[in-house]
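The sequence and structure come first.

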Amino acid sequence: MPLSSDQLAEIEAQRAQSHPTRRVVAEGMEDHLYTAHQVLDHGFVRVIDYMGDDAAICQAARVSYGKGTKSVQNDEGLIRYLMRHWHSTPFEMCEIKLHVKLPVFVARQWIRHRTANVNEYSARYSILDREFYIPAPDHVAAQSEVNNQGRGDALQGEEAARVLEMLKADSARCYDNYEAMINQDGQQGLARELARMNLPANIYTQWYWKVDLHNLFHFLRLRADPHAQYEIRVYADMMCKIVADWVPFAYRAFEDYRLGAVNLSAQMVDSLRRMLAGETVTQENSGMTAREWREFEAVIREG
């Protein structure tokens, strides 16, 4: 992960600072503050600020002040109850602000989650760095034969090498032309806000992204799912590790009731009950479509 000497010095200076405070701090999150965790070839995630912890969730749920006489076990039980019964507002009492460096095409997927505050690096005012996401060979894959928005097996041999070379060459050529267009040596130079249109979607951008814990969990439930695109899933995986250190009770509840759980339709529940009663249930007598039946079988037969 190429961080400049200035960036590294800034991070070290930030991590060297310590401020007395009366606010609640989460020791697990303090260890993450300002540290850049590498993602993909040039990307990272780092925590800039946060508010709240597990106790803040419980405090909001009880509409009281302080920890009172409640035990740690009771706090965890309350958080699990809130998660299990979809009580979302107490989780909104916790917030996190992240600095993320990511490819533009990943950012365009990410920004569809419209429940955060975002401020992105502006290519109107500044010149983007010559940094592009080039997938590792084992992630250069063919189109999936069963999923129109997914990938299948990795490309092999000459085809894989040819694709990687195209990605590298096109990225370099686009950036060379971008530099040539904005260059003001002996010419006026094209405006940066226009020249940026020539840059490919695999160039890296950066943003600050602030979100509450409830909406962060929704993001992670979708983007840390095995079916999510790899390039955004690795960011979600890194964020899961950070959240687990920040609010361990809430994250364990999230793992159990969201990330590792499944949703069953009324027909699926009925079919499962009939199976448990000894009845032979097929797609034809289940009331499900063929696709629903495949998804149902994947849940009950997996492992």
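## Cysteines

Cys-94 is buried, at a relative accessible area of 0%; here buried means under 20% relative accessible area, exposed over 50%, and partly exposed in between, with a 1.4 Å probe and protein chains only. Cys-58 is buried too, with a relative accessible area of 1%.

The disulfide count comes to zero, a disulfide being a pair of cysteine sulfur atoms within 2.5 Å. For Cys-58 the closest cysteine sulfur is in Cys-94, 9.5 Å away, which is too far for a bond.

## Basis of the values

The model is predicted: local features need pLDDT of at least 70, side-chain atom pairs count only at pLDDT 80 or more, and totals for chains, interfaces and linings use all residues. Residues are numbered from 1 along each chain as its sequence is written, and side-chain values use heavy atoms, with hydrogens and water left out.

## Domains

An automatic or database domain assignment sets the bounds: domain 1 covers 5–133 + 202–258, domain 2 covers 134–200 and domain 3 covers 266–301. Between the C-alpha centres of domain 1 and domain 2 the distance is 29 Å.

## Interface of domain 1 and domain 2

Contact (heavy atoms within 4.5 Å) involves 16 residues of domain 1 and 16 residues of domain 2. The two domains bury about 1500 Å² between them, 51% of it on carbon and sulfur atoms. Buried area is the accessible area (1.4 Å probe) that two parts lose on being put together, summed over both. In domain 1, the residues losing the most area to domain 2 are Arg-124, Arg-130 and Phe-132, together 36% of what that side buries.

Four salt bridges are counted between domain 1 and domain 2; the term requires a side-chain nitrogen of Lys or Arg within 4 Å of a carboxyl oxygen of Asp or Glu. Arg-151 forms a salt bridge with Glu-231, and their closest N and O atoms are 2.5 Å apart.
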